[in-house]
Amino acid sequence: VPIIISGGLQDAYTYFCRDGVFANAQTGNIVFLAVNIVNGDGAGVIKYLVPVLFFALGVIVAKTLFFALGNKRIFWKQIVLLVETAALLSVGFMPQSMNLYANALVSFACAMQVLAFESIYGNDFASTMCIGNLRSGTEALCEYFHDKNPAVLRRALTYFGVIGIFALGAGAGAWITARAGERTIWISCALLTVSFLLMFLREKRAEEKELL
């Protein structure tokens, strides 16, 4: 839940506080990128191209951590959370004149998050965007009305729950950004820190179960 809230907050933060760029919804950035290319707006091209490229870089770094660490003692997903938190912490110190760099770092962090946390209760999902979750949830709902399988209904409700939590994060992000400005992103840092600590708690419980 903290990770999903953070994903919604990040998108609202970059759009409302960092010059109308999406941190997570790279489809929107690519649309604006194409429009600026057609219009011959070089500054606009750079504005939207940089977050797209840094999103791709974030995927590469997260996957590299997976290959390097796998399931070692320090779980690779925990390293992802640490790197993401450090990146977002630095963004909060950046003034409006550094929006290009801020958007690059937030996009980088979002990409790492979406790659590392890609399932919930065994279902594929995205913690930083909604289109896939909306498709999967609606598809599962249709299957439920056809087959009346309670497990399928639970899957549908899980996806719609994720969308609702993401929307909560986005709404809170927009509201807080209007009041706290650039430093709003530090709330994401706090949420990711909670998730980092919860992962240690989960591992401890798993070890206790193995001992029993």
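I started at Ser188, which touches Ser6, Leu9, Gln10 and Leu88, leaving aside residues up to four places away in sequence. Contact here means heavy atoms within 4.5 Å. I'm working on a predicted model, where local features need pLDDT of at least 70, side-chain atom pairs count only at pLDDT 80 or more, and totals for chains, interfaces and linings use all residues. Numbering runs from 1 along each chain as its sequence is written, and side-chain values use heavy atoms, with hydrogens and water left out.

Where does Ser188 lie? I find Ser188 in helix H8 (residues 186-211). For the record, helices (H or I, at least four residues) and strands (E, at least two) are DSSP runs, numbered from the N terminus. Is Ser188 buried or exposed? Ser188 counts as buried because its relative accessibility is 0%. The cut-offs I use are under 20% relative accessible area for buried, over 50% for exposed, and partly exposed in between (1.4 Å probe, protein chains only).

**Rings**

Next I looked up the aromatics. A pair of rings is described by the distance of the centres and the angle of the planes. Rings of Phe, Tyr and Trp (its six-membered ring) pair if their centres lie within 6.5 Å; planes under 30 degrees apart are stacked, over 60 edge-to-face, and the rest tilted.

How many aromatic pairs are there in the whole structure? My search of the whole structure gives seven. One of them is Tyr15 with Phe22, a stacked pair at 5.0 Å centre to centre and 25° between the planes. Tyr15 is partly exposed at 37% relative accessibility, and Phe22 is partly exposed too, at 23%.

I then checked Phe66 and Trp76, which pair edge-to-face, with 5.3 Å between centres and 70° between planes. This pair links distant parts of the chain: Phe66 is in helix H3 (residues 42-69) and Trp76 in helix H4 (residues 76-91), 10 residues apart. Phe66 is partly exposed with a relative accessible area of 34%, whereas Trp76 is buried at 7%.

Back to Tyr15: ring pairs link Tyr15, Phe16 and Phe22 into a cluster.

**Salt bridges**

Side chains of opposite charge can pair when their charged atoms come close. I count a salt bridge when a side-chain nitrogen of Lys or Arg is within 4 Å of a carboxyl oxygen of Asp or Glu. The whole structure has three of them.

Asp19 bridges to Lys47, with the closest N and O atoms 3.5 Å apart. What does this pair tie together? Asp19 sits in the loop between helix H1 (2-17) and helix H2 (26-39) and Lys47 in helix H3, so the pair ties together parts 28 residues apart in sequence. Asp19 comes out partly exposed at 46% relative accessible area, and Lys47 is partly exposed at 22%.

Arg135 bridges to Glu139, closest N and O atoms 2.7 Å apart. Both lie in helix H6 (residues 131-147), four residues apart, about one turn of the helix. Glu139 has a relative accessible area of 37%, so I note Glu139 as partly exposed.

Arg155 pairs with Glu143, the closest N and O atoms being 3.0 Å apart. Here the link is between distant parts of the chain, with Arg155 in helix H7 (residues 150-180) and Glu143 in helix H6, 12 residues apart. Arg155 is partly exposed at 26%, and Glu143 is partly exposed at 30%.
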